[in-house]
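Have a look at the molecule below and keep it in view while you read. We'll go through it one question at a time.

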Amino acid sequence: MPTVAAPVLRSFSESILLAAGVPAHKAAIVAGSLVAANLRGVDSHGIQLLTFYVDQLLAGEMDPHAEGRVTSESGSCLLFDGQNGIGQWIAETCCGHATRIAGQHGVALVTARESNHFGACAWWAEKMREAGLIGIVMCNASPIVPPWQAKQGRFGTNPICMAVPGPWLLDMATTTVAAGKVFKAFINHQPEIPAGWAFNAEGVATTNTEEAYHGMLMPLGGYKGSGLGFLVEILCAVLSGGAMSNEVGGIRFRGKLVRTSQMFLAIDVARYMPLEEFTARMESLVALVKSAPPAPGYDEVLVAGDPEWRTQAERLRNGIPISEGNWETLVKTAARVKVAPPE
Ligand SMILES: NC(=O)c1ccc[n+]([C@@H]2O[C@H](COP(=O)([O-])OP(=O)(O)OC[C@H]3O[C@@H](n4cnc5c(N)ncnc54)[C@H](O)[C@@H]3O)[C@@H](O)[C@H]2O)c1
């Protein structure tokens, strides 16, 4: 399994994107966001996504030159048309608007339609956190999740993420796991996935990776996850006027544009209390939560964000381990656009 330093992986990814026709400033943003996910241990949303993005670009199904445009802005509300541009570029632009508007009005709600896959939500929510804001990010996604009691996909894995000034960051799919974890098992020829992750194409629970890859993801916690996925669909797609449910395409499927919608909600903490006070309160709350005695089989209590921050510190020191299947796929993708792998 190759272990690659983050800057090397970033520059390899950037070269692939450039060769696939992405302008340099956008290639840097995409590569930066993907490698950041690998650094955090969220490999489902790291460089594994590049192959799908390159497929889309080479098929002419994502426009690397589209800038997106503000459709309307009124008070704290902004509607953005992504014009089928690069998802990370649209998210970067929308985070900029959300941060600006939250500074003016205390709260900003930006929704984007006609966008593309933007990777892990945390990268975008963290941008708002860095500006002293609470950042909440959601998106709809490829309809590979059946509604509760159904056997055909209608929702995406529709993630919800919230970052705050302080030691807590929740970033989760509204399915048991993100679809990328099933893709990762498939790409790396792992025959089995854990129970509770997926259904086969007939809507029957499966642990067979291949069946799951061609099947569907399970809503998190039954009808409650289904309800959360619906909530995300409303705030992203219904509110933005974008593609809803199975009008959305998918990064694995050619012949249909992805057309995802995204939502960026920013809350200016300083409108409620000084930023330092909020951060200190977050630290106290996390300490209170962690003071609960660990259950049998555990030696500590963690909060959201802990696993990823720990992995990030370790991978910054020692490099990013890339599974064989992922590395092979990435090198093949690079070869398609005539880019040589790093030594
Ligand atoms: N762009 C898209 O279309 C899309 C769609 C779905 C998911 N995603 C991304 O997929 C990524 C992975 O999602 P996931 O649901 O598989 O994540 P996950 O299940 O690995 O983690 C979910 C959350 O649980 C927290 N957590 C993990 N272990 C914990 C513990 N022991 N105690 C307390 N908290 C703990 C993590 O910090 C994280 O915030 C996310 O970055 C998400 O944004 C993207």
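Predicted model: local features only at pLDDT ≥ 70, side-chain atom pairs only at ≥ 80, totals over all residues.

Q: How many Å apart in space are A287 and V301, C-alpha to C-alpha?
A: You'll find A287 in helix α9, residues 275–290. Helices here are DSSP runs of H or I with at least four residues, strands are runs of E with at least two, and both are numbered from the N terminus. A287 is 14 residues from V301 in sequence, and in space their C-alpha to C-alpha distance is 9.9 Å.

Q: Where is Q83, the residue with a positive phi?
A: Q83 isn't a glycine, yet its phi is positive, near 50 degrees. It has 16 C-beta neighbours inside 10 Å, so it counts as partly exposed. As for its place, look in the loop between β3 (77–81) and α4.

Q: R259: buried or exposed?
A: R259 is another residue other than glycine with a positive phi, near 55 degrees. Its place is the loop between α8 (223–240) and β11. With 20 C-beta neighbours inside 10 Å, R259 counts as buried.

Q: How many of the residues of α3 are buried?
A: The buried ones are Q48, L49, L50, T51, Y53, V54, Q56 and L57. Among what covers them are α1 (6–19), α2 (24–39), α6 (179–187) and α11. Helix α3 is largely enclosed by the rest of the structure, because its buried residues number eight of the eleven.

Q: How are α3 and α11 arranged, roughly parallel or antiparallel?
A: Axes are lines fitted to C-alpha atoms, for helices over the stretch in contact, and angles run from 0 to 180 degrees between N-to-C directions. The axes of α3 (48–58) and α11 (324–336) come within 9 Å and cross at roughly 30 degrees. Angles under 35 degrees count as roughly parallel, over 145 as roughly antiparallel, 65 to 115 as roughly perpendicular, and the rest as oblique. So α3 and α11 are roughly parallel.

Q: Which residues of α11 make the contact with α3?
A: Contact means that the C-beta atoms of two residues, placed from the backbone, lie within 7 Å. On the α3 side are Q48, L50, T51 and V54, and on the α11 side are N326, T329, L330, T333 and R336.

Q: How many Å separate T333 and T51 in space, C-alpha to C-alpha?
A: T333 is in helix α11, and it is buried because 21 other C-beta atoms lie within 10 Å. Leaving out residues up to four places away in sequence, it touches I16, L50, T51 and V54. T333 and T51 are 282 residues apart in sequence, but in space the gap is 5.8 Å.

Q: What is the angle between α1 and α2?
A: These two helices pack with their axes 8 Å apart, at an angle of about 140 degrees. That makes α1 oblique to α2, so the word goes with an angle of about 140 degrees.

Q: How many residues of α5 are buried?
A: A122, W123, W124, A125, E126, K127, M128 and R129 are the buried ones. They pack against α2, α4 (87–105), β5 (133–139), β6 (160–163), β7 and β11 (260–268). Helix α5 (122–130) is mostly covered, and of its nine residues the buried count is eight.

Q: What gives the most residues to the shell around the ligand?
A: A residue is near a molecule if its C-beta atom, placed from the backbone, lies within 6 Å of it. By that rule 27 residues surround the ligand, the closest being A120, C121, A141, A173 and A178. At least two shell residues come from each of β7 (169–172) and α10 (306–318). The most, three residues, come from β7.

Note on methods. Residues numbered from 1 in each chain as written. Buried ≥ 20, exposed ≤ 12 C-beta atoms within 10 Å, placed from the backbone.
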